[in-house]
Amino acid sequence: YRGAGPQPLVIRGPVGGGNRGGPFHSQNVEMAFFHTPGLKIVYPSTARDAKGLLKASIRDDNPVIFEEHKGLYRAPSLREVLPDDDYVVPLGEARIVREGTDITIVTYGSMVHKSVEAAETMETEDGVSVEIVDLRTLLPLDEDAIVESVKKTNKLLVVHEDTRTGGIAGEIAIRVSEKAFEWLDGPILRVTAIDAPVPYSGSLEDYFLPQTDDVLKAARYLAAY
């Protein structure tokens, strides 16, 4: 009622491609809500974070959109035994997945894991050290963590599964330009899905979605810039 009191509502929803669900079941819808003041948007990449962030969301007095990538539900490598204690992952705090010194990759959801694969290849084959920042929460956005990482590495690549135009990469790019432009040693790049509905066809969906090789190609270009 006119924003006068708490609105403790959590809406959970499965999202994301790679499961051949087509345009009606595989979209990433975070940016449809991103422009709504007062909402919080959460998008975990691990089982541990999913539990901790969900508990934080339920205990928050603001409305929360909680997105869960369907591909991560089915990923055996991501299964883990969770602590029995009452742990909570605070909303609005990004996680440094991997320390690095040469390039920062800012990402979230399933793209965290593809970014880690690309980073490990870069280190092994190119001798390039990549830092990966998992946003975990898109609203509020942990701007400080992003800026701090960019000031350390001087180069930024944003990776997300959502489509390119109007994706969160644009918001992150302008904030870094405002807060850390003088630390940049190259252009801010993005790797995203293409601007199209999610295809049903497996081969077309693989082309539509960002892949590890796409992240690797962009990171190598940025490293050599």
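Is Asp-49 buried or exposed? Asp-49 is buried, with a relative accessible area of 4%, where buried means under 20% relative accessible area, exposed over 50% and partly exposed in between, for a 1.4 Å probe and protein chains only. The structure is a predicted model, in which local features need pLDDT of at least 70 and side-chain atom pairs count only at pLDDT 80 or more, whereas totals for chains, interfaces and linings use all residues. Residues are numbered from 1 along each chain as its sequence is written, and side-chain values use heavy atoms, with hydrogens and water left out.

- Asp-49 lies in helix α2, residues 47-59; helices (H or I, at least four residues) and strands (E, at least two) are DSSP runs numbered from the N terminus.
- Leaving aside neighbours within four places in sequence, Asp-49 is in contact (heavy atoms within 4.5 Å) with Pro-44, Leu-54, Val-89, Arg-95, Asp-134 and Arg-136.
- The C-alpha atoms of Asp-49 and Tyr-87 are 9.9 Å apart in space, and the two residues are 38 residues apart in sequence.
- Gly-18 is placed in the loop between β1 (10-15) and α1 (30-34), and Gly-18 is partly exposed, with a relative accessible area of 39%.
- A C-alpha separation of 8.0 Å is found between Gly-18 and Gly-202, which are 184 residues apart along the chain.
- Apart from neighbours within four places in sequence, Gly-18 is in contact with Glu-205 and Leu-209.

**Nonpolar cores**

- In soluble globular proteins, nonpolar side chains tend to be buried together.
- The largest nonpolar core has 26 residues, and those with the most contacts inside it are Leu-135, Ile-146, Ile-168, Ile-172 and Val-176; such a core is a set of buried Ala, Val, Leu, Ile, Met, Phe, Trp, Tyr and Cys residues joined through side-chain atoms within 4.5 Å.
- At least two residues of this core come from each of β7 (137-139), α5 (143-153), β8 (156-163) and α6 (168-180).
- Helix α6 supplies the largest share of this core, five residues.
- Val-176 is in contact with Ile-146, Val-150, Leu-156, Phe-181, Leu-184 and Ile-188, leaving aside its neighbours within four places in sequence.
- A second, separate core of 19 residues includes Met-111, Val-130, Leu-157 and Val-191.

- The buried residues of α5 are Glu-143, Ala-145, Ile-146, Val-147, Ser-149, Val-150 and Thr-153.
- Their cover includes β5 (103-107), β6 (130-134), β8 and α6.
- Thr-153 is buried at a relative accessible area of 4%; beyond neighbours within four places in sequence, Thr-153 is in contact with Gly-100, Thr-101, Asp-102, Ile-103, Thr-104 and Glu-131.
- The axes of α5 and α6 cross at roughly 65° and come within 10 Å; axes are lines fitted to C-alpha atoms, for helices over the stretch in contact, and angles run from 0 to 180 degrees between N-to-C directions.
- Helix α5 passes α6 in a right-handed crossing, meaning that the near helix is turned clockwise from the far one by less than a right angle (left-handed if anticlockwise).
- In this contact, Glu-143, Ile-146, Val-147, Val-150 and Lys-151 of α5 meet Ile-172, Arg-175, Val-176, Lys-179 and Ala-180 of α6.
- The contact of α5 with α6 has six nonpolar, no polar and four charged residues; Ala, Val, Leu, Ile, Met, Phe, Trp, Tyr, Cys and Pro count as nonpolar, Asp, Glu, Lys and Arg as charged, and the others, Gly among them, as polar.

**Packing of α4 on α8**

- Helix α4 (residues 111-126) packs against helix α8 (residues 212-224) at an angle of about 50°, with the axes 9 Å apart.
- The two helices are therefore oblique to each other, as angles under 35 degrees count as roughly parallel, over 145 as roughly antiparallel, 65 to 115 as roughly perpendicular and the rest as oblique.
- Residues making the contact include Lys-114, Ala-118 and Met-122 of α4 and Val-215, Leu-216 and Arg-220 of α8.
- The residues of the contact of α4 with α8 divide into six nonpolar, three polar and five charged.

**Backbone geometry**

- Most residues other than glycine have a negative phi, and most peptide bonds are trans.
- Arg-136, in the loop between β6 and β7, has a positive phi of about 65° although it is not a glycine; Arg-136 counts as buried at 8% relative accessibility.
- Asn-154, in the loop between α5 and β8, also is not a glycine and has a positive phi of about 75°.
- The peptide bond from Leu-139 to Pro-140 is cis, with omega near -5°, and Pro-140 lies in the loop between β7 and α5.
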